[in-house]
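Subject: Structure for your files

Dear colleague,

Please find the structure below.

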Amino acid sequence: MNNFYRHLVDLLTNNQAGWIVTVTKVHGSSPGSLGQKMLIEKNNDEISGTIGGGNLEYHVINKIKKEEPKRFITLSFPLSKQAELGMVCGGDIELIVEPINVKERIIIFGAGHCCQALASILSNLNFNITVYDNRVKWLDPSLFPANTSFVEADFKSINSNVKVRESDFLVIMTYGHEYDNTVAEQLLDKKWTYLGVMGSKSKAIELKEYLSEKYDENLIARISCPIGIPIKSHSPYEIAVSISAEIINVRNSK
């Protein structure tokens, strides 16, 4: 276990992502013992510790690498029924998976003042920030938190420049209604956790009428527009607080 703790310290010190898997319950015959731990690093194949080895461990590593859980999750394996594991232990094992530095990504379309304020707030709330704009002068790293990622590309070619993931939070706040509509149209039928568009109630009606020409109303209803919770916000930072509160509520409700 010394290697496990050295690896964990190294991961935390360097702000690297990974998962701790701990055996929390064992019933009957099982390859793992109560309290055994395994550390899985996200960005490479380095593994420390063990939860019993063999096909169970292989299966758990592959599952976590594929799903990349962002919250504590519990995995249960009735081993006598896990034919795909090639195991006939006859017992049950339960594992808890703890994410370490695993952050959700938020992609903000439009790099204006509201975007800068929103990025500043969300960077302190365990989000990775990506900012997308077609104006290179606005994609100035000095205006954004450290480690912000930037995409300088046409708003009409989202699919060629960004691969949207199911865990992503998406915020549209470009400098024109036409661009907002164009971006929303390209994102609507993808899998994501949250899609919000900044604008007034009249803009929300216009946007939904525009999208209704191509998309089902149930799909359109998933969009949050106007974005944010109603706090009578006016300044960029007040707007950012409103949007951040809504995003946090969605994240914590998953």
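In this predicted model, helix α5 (residues 177–187) and helix α6 (residues 201–211) cross at roughly 45°, and their axes come within 10 Å. That angle makes α5 oblique to α6. The crossing of these two helices is right-handed. From α5, the contact is made by His-177, Asp-180, Asn-181, Ala-184 and Glu-185, and from α6 by Lys-203, Glu-206, Leu-207, Tyr-210 and Leu-211. Sorted by class, the contact of α5 with α6 has 4 charged, 4 nonpolar and 2 polar residues.

The other helix pair I looked at is α3 with α8. Helix α3 covers residues 113–122 and helix α8 residues 236–252; they pack with their axes 8 Å apart, at an angle of about 50°. This makes α3 oblique to α8. Here, α3 passes α8 in a right-handed crossing. On the α3 side the residues are His-113, Cys-114, Ala-117, Leu-118, Ser-120, Ile-121 and Leu-122. They meet Pro-236, Tyr-237, Ile-239, Ala-240, Val-241, Ile-243, Ser-244 and Ile-247 of α8. The contact of α3 with α8 holds 12 nonpolar and 3 polar residues, and no charged ones.

Next, the cysteines. Cys-114, one of the α3 residues that meet α8, is buried because its relative accessible area of 15% falls under the 20% limit. Cys-115 is also buried, with a relative accessible area of 0%. For Cys-115, in turn, the closest cysteine sulfur is that of Cys-114. The count of disulfides by this rule comes to 0.

Last, the glycine. Gly-110 sits in the loop between β6 (104–109) and α3. Gly-110 is buried, at a relative accessible area of 0%. Which residues does Gly-110 contact, leaving aside its neighbours within four places in sequence? They are Cys-115, Val-131, Tyr-132, Asp-133, Phe-155, Met-173 and Thr-174. Gly-110 and Arg-135 are 25 residues apart in sequence, and their C-alpha atoms are 8.9 Å apart in space.

Regards

Terms used. Residues numbered from 1 in each chain as written. Predicted model: local features only at pLDDT ≥ 70, side-chain atom pairs only at ≥ 80, totals over all residues. Heavy atoms only, no water. Axes fitted to C-alpha atoms, helices over the stretch in contact; angles between N-to-C directions. Helix = DSSP H or I, 4+ residues; strand = E, 2+ residues; numbered from the N terminus. Parallel < 35°, antiparallel > 145°, perpendicular 65-115°, else oblique. Left-handed = near helix turned anticlockwise from the far one by under 90°. Contact = heavy atoms within 4.5 Å. Nonpolar A, V, L, I, M, F, W, Y, C, P; charged D, E, K, R; others polar. Disulfide = S-S within 2.5 Å. Buried < 20%, exposed > 50% of the residue type's maximum accessible area, 1.4 Å probe, protein only.
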